[in-house]
Amino acid sequence: MQQATTSISAVQIAHNIEKRRLFIEKPQSQAHVTNMKDAPIYKTRPAVLQRAQNQDRTPLLKGEPVKEVKIILAGNVGSGKSTAIRAISEIPVIGSDAKAIERNALHNKESTTVSIEYGMAYLDNSNLHIYSTPGQRRFDFMADVLCKGAHGMVVMIDNGCRDPLNEMDYYLHQHGRFLQNYPGIIAITHFDDNNTDTSLLDYSTYLLKHGLACPVVSLDARNTLEIKQVLMNLLLQIGDFKTGKKRA
Amino acid sequence: MENSVDTLLPTLDDGIKCSAITSTDGLVLAHTGSGATLDEDFLGAMGAALFAFGSKSIANLVGGKMKDIVVEGEQGFVKVTILNDKLLMVTVAEPLKLES
């Protein structure tokens, strides 16, 4: 198994965890959770949820300019990147699908992304420009092209694939430098049809062990509201990253 | 079967560095000339990505179907030829040398 970069110091890890805890709260104890498989480790705070649900397009402060934010969706084949971008985009998604030839290796999908997919959404006084990368590993060079100038990343992992932790490790290794310098969220999908016993806690433990304190959330890629919550969390991290201010 | 696909590929002596026959989603079926310097999977993926961008641009800006793509660089060309609706041929060639 490939090792994610471990050069980050313990102090920095602690700082990152503290910083991220401001937006997403951890349950006090894990004891009350009976079924670990669907136990959400991180809960989105009600205030954040409210901002994600807000459809109003008037800025909170008068005259505040609309921010332009570039977000990358990365992740393995069949994790729902294209579904997510189609669910949230307010414009017709620009992208290129090709007929899948190796359907067995691609979760019996009809088509697969080969270059990029682009969608746009408005959330919390920001125009989100969302770019989705292809999941097949031979297209990894596209992700390097897309990451230039990006503000944040959502790594989506299919929990139903053969070795999800290994898949996550691969993407963290690939985007390790980006995720150490810019905000990122790990979104685990396909929780309803999973064949593995991997829980969110496993992912979180694995991440901490390898020195990255990205929040881990479960996500239904078909659910617009859930994607908005994830993006809202990312936006708040990005805002904090840009201004250097701590949010209460 | 593989031999018959191989015969479609151009020979390497005419200034052609490497070539591959690939599906529209980047799966390489046959290739010549790639080696330590160039990975055939990368060649196939590049071809498929170029094809995706090209066909989208033609469909949206000009209309109709795309015929082929030529990308010219200082040290050579990349050409993507469409064989049918599932197969592409990617060819990497050296720059033209004009005989005086």
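**Entry 1: helix H7 of chain A.** I looked at what follows H7(A) and found Gly211(A), whose phi is positive, near 85 degrees. The model is predicted, local features need pLDDT of at least 70, side-chain atom pairs count only at pLDDT 80 or more, and totals for chains, interfaces and linings use all residues. Residues are numbered from 1 along each chain as its sequence is written, chains are lettered from A in the order in which they are written, and side-chain values use heavy atoms, without hydrogens and water.

I noted that helices (H or I, at least four residues) and strands (E, at least two) are DSSP runs, numbered from the N terminus. H7(A) spans residues 200-209, and its buried residues are Leu200(A), Tyr203(A), Ser204(A), Tyr206(A) and Leu207(A). Buried means under 20% relative accessible area (1.4 Å probe, protein chains only). These residues lie on the same side of H7(A) because they cover an arc of only 160 degrees around the axis; the arc is taken from the directions from the helix axis to the C-beta atoms. They pack against S7, H5, S8 and S9 of chain A.

**Entry 2: Ile72(A).** I found Ile72(A) in strand S3 (residues 67-75) of chain A. Ile72(A) is buried, at a relative accessible area of 0%. Its C-alpha atom is 4.7 Å from that of Met153(A), 81 residues apart along the chain. I also looked up contacts (heavy atoms within 4.5 Å): beyond four places in sequence, Ile72(A) touches residues including Tyr131(A), Leu146(A) and Met153(A).

**Entry 3: Thr22(B).** I found Thr22(B) in strand S1 (residues 16-23) of chain B. Thr22(B) counts as buried because its relative accessibility is 0%.

How values were computed
Buried means under 20% relative accessible area, exposed over 50%, partly exposed in between (1.4 Å probe, protein chains only).
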